[in-house]
Amino acid sequence: MSALPLMVQGTMSGVGKSLLVAGLCKVLAQDGVRVAPFKAQNMALNSAVTADGLELGRAQAMQAQAAGVEPVSAMNPVLLKPTSNMGSQVVVRGRPRATMSAREYFRYRRALVGEVRAAYEELARDYDVVLIEGAGSPVEINLGPDDFVNMGMARLANAPVLLVGDIDRGGVFAQLVGTMMLLGEEERRMVRALVVNKFRGDATLFSTGMDMLRERTGVPVAGLVPVMDVTLDDEDSMAERLGRSTATGTVDVAVVRLPRISNFTDFMALEAAGGVGVRYVSAARELGWPDLIIVPGTKATMADLRWLRASGLELALVRAAHAGVPVLGICGGYQMLGQSICDPEGVEDGGQMAGMGLLPVRTTFVPHKRTTCVRGSFLEVDGVLAGVSGAGVRGYEIHMGTTVREGGRALVRLAAEGEQPREDGCQQANVYGCYLHGLLDERPACEALVGSLLAARGLDARAVHAQDMDDFRQRQYDVLADGLRQSLDLDLIRHILERGLS
């Protein structure tokens, strides 16, 4: 039996489609429905790794977790990871296929329709419902007939559509009514309900607005969803948290906001820990003297290192490290902290450049991408972060470089399924780095790190309240589902789902 499809499209990027799909996944799962998320094409630098070592967008992995199912590459068959303003690495069914300019991809995308259809049909065979997420706007009318992301995907899956607008940004009438006007007649018939998202204030004051939307568009409004206080994995660089240049907390953690920052969900565990303030800095004047500096992952290590130099942040960071401030690099950030980065095969920019010189490691880029889930523990750790010694870790690796340590000591011992344990990373004095995303997701590791930072300031290291991130995320999904049950007409949505486009 083929799954019932329902598609959630938005009037533009950032209207909250990903969270609505996650919330609906949780609602249906709570009601005993086997549901899977699907997004034909995702453009994001936040990605995740499946149990079988394939890559997909972080949002789809988050939605799968809300649905209570394992993420698989079929949930996001095409992932575009921007490497510059004009190009992206194209990941198809979890493996990188090529790096293309926007023009090259525009010509190539027609060849992907069959793979997108096969991925969707794979899920449709295994689940009762597939919740499909669109991307951007369905009326980007310049993209032509080869769309398989919005209305093209709805036609492919024969899916009724919920159209979502963002009232918090303003102009929600223009968003929803204007989108309906620009759709073709057949496409308008596929839109079965509207959703107004991110409302603040007294919902009764918008009742006339709901009536006006129904009158102007001819379709019902399925709900007025409030802004909800939930913390979930963000999809990309539009995340509000990246604009937080100041943060309050006993412990001050500064994360460098690189232009191509990736997998910044690595720091959710710190954000969720009591007494920790996490802020994102993009200028030397913002850095100050925090308790910890983190250089995160990036999809463009060499380009972002050049930006660090031009902005003056590299000099400020190196000065802070030499003054004793602990520095932690993850993935691309770890590569930057080393002595050199070499790209003999043009994986990024080609050539060679000096690193920051804070760790005795050298990185060489290779075309093969390592994507794997791993477990392990911290080795014996020196310096400010000595308290994390022996703490267990669990996460994943996504990188295209090999890094050789020429001094210092390894930071962690890791093992993937079926592999022998191996040492990874490097530590020297108060500088630390490794490739592991999710390094602090395990509660003991996060508590040990924050406790070490408190102890370095002479404060009680026991006054730390970290979260188990799996439990934390499940509580967030429950809050999200409760909010949707209160604000959406779920009877209408179930009716739309069951009737389909008939």
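**Figure 1. Contact of helix H1 with helix H2 in the predicted model.** The axes of H1 and H2 come within 7 Å and cross at roughly 20°. Because angles under 35 degrees count as roughly parallel, H1 and H2 are roughly parallel to each other. Their crossing is right-handed. From H1, the residues that take part are Ser 18, Leu 19, Val 21, Ala 22, Cys 25, Lys 26 and Ala 29. Their partners in H2 are Ala 59, Met 62, Gln 63, Ala 66 and Ala 67. Divided by class, this contact has nine nonpolar, two polar and one charged residues.

**Figure 2. Contact of helix H1 with helix H15.** The axes of H1 and H15 cross at roughly 90° and come within 8 Å. The two helices are therefore roughly perpendicular to each other. H1 contributes Leu 19, Leu 20, Ala 22, Gly 23, Leu 24, Lys 26, Val 27 and Gln 30 to the contact. H15 contributes Gln 474, Tyr 477, Asp 478, Leu 480, Ala 481, Leu 484 and Arg 485. By class, nine nonpolar, three polar and three charged residues make up the contact of H1 with H15. Leu 19, Ala 22 and Lys 26 of H1 take part here and are also among the residues that meet H2.

**Figure 3. The second largest cavity, with lining residues from helices H1 and H16.** This cavity has a volume of about 80 Å³. Its lining consists of Leu 6, Leu 24, Val 27, Leu 28, Leu 131, Leu 490, Ile 493, Arg 494 and Leu 497. H16 gives the most, with four residues. By class, the lining of the second largest cavity has eight nonpolar, no polar and one charged residues. Leu 24 and Val 27, which belong to this lining, are also among the residues of H1 in contact with H15.

**Figure 4. The largest cavity and its lining.** A search of the whole structure finds four cavities of 30 Å³ or more. The largest cavity has a volume of about 220 Å³ and is lined by 19 residues. Of these, Thr 298, Lys 299, Ile 398, His 399 and Met 400 lie nearest its centre. Helix H13 (332-336), E21 and E22 are the elements that give two or more residues to the lining. E22 gives the most, with four residues. The lining of the largest cavity divides into six nonpolar, nine polar and four charged residues.

**Figure 5. The second largest pocket and the elements that line it.** The volume of this pocket is about 860 Å³. It is lined by 31 residues, and those nearest its centre are Val 49, Glu 70, Cys 373, Arg 394 and Gly 395. Two or more lining residues come from each of strand E4 (47-49), helix H2 (58-67), strand E21 (361-378), strand E22 (392-405), strand E23 (412-416) and helix H15 (469-487). By class, the lining of the second largest pocket has 13 nonpolar, eight polar and ten charged residues. Strands E21 and E22 supply residues to this pocket and also to the lining of the largest cavity.

**Figure 6. Packing of helix H6 against helix H8.** Helix H6 (residues 172-182) and helix H8 (residues 207-217) pack with their axes 10 Å apart, at an angle of about 15°. That angle makes H6 roughly parallel to H8. The crossing of H6 and H8 is right-handed. On the H6 side the contact is made by Phe 173, Leu 176, Val 177 and Met 180. On the H8 side the contributing residues are Gly 209, Met 212, Leu 213, Arg 216 and Thr 217. The residues of this contact divide into six nonpolar, two polar and one charged.

How values were computed:
Residues numbered from 1 in each chain as written. Predicted model: local features only at pLDDT ≥ 70, side-chain atom pairs only at ≥ 80, totals over all residues. Heavy atoms only, no water. 1 Å grid on protein atoms, 1.4 Å probe; cavity = no way out; pocket = protein on both sides within 12 Å on 5 of 7 lines; lining within 4 Å. Points joined across faces, edges and corners; volume = space filled by probe spheres on them. Nonpolar A, V, L, I, M, F, W, Y, C, P; charged D, E, K, R; others polar. Axes fitted to C-alpha atoms, helices over the stretch in contact; angles between N-to-C directions. Parallel < 35°, antiparallel > 145°, perpendicular 65-115°, else oblique. Left-handed = near helix turned anticlockwise from the far one by under 90°. Contact = heavy atoms within 4.5 Å.
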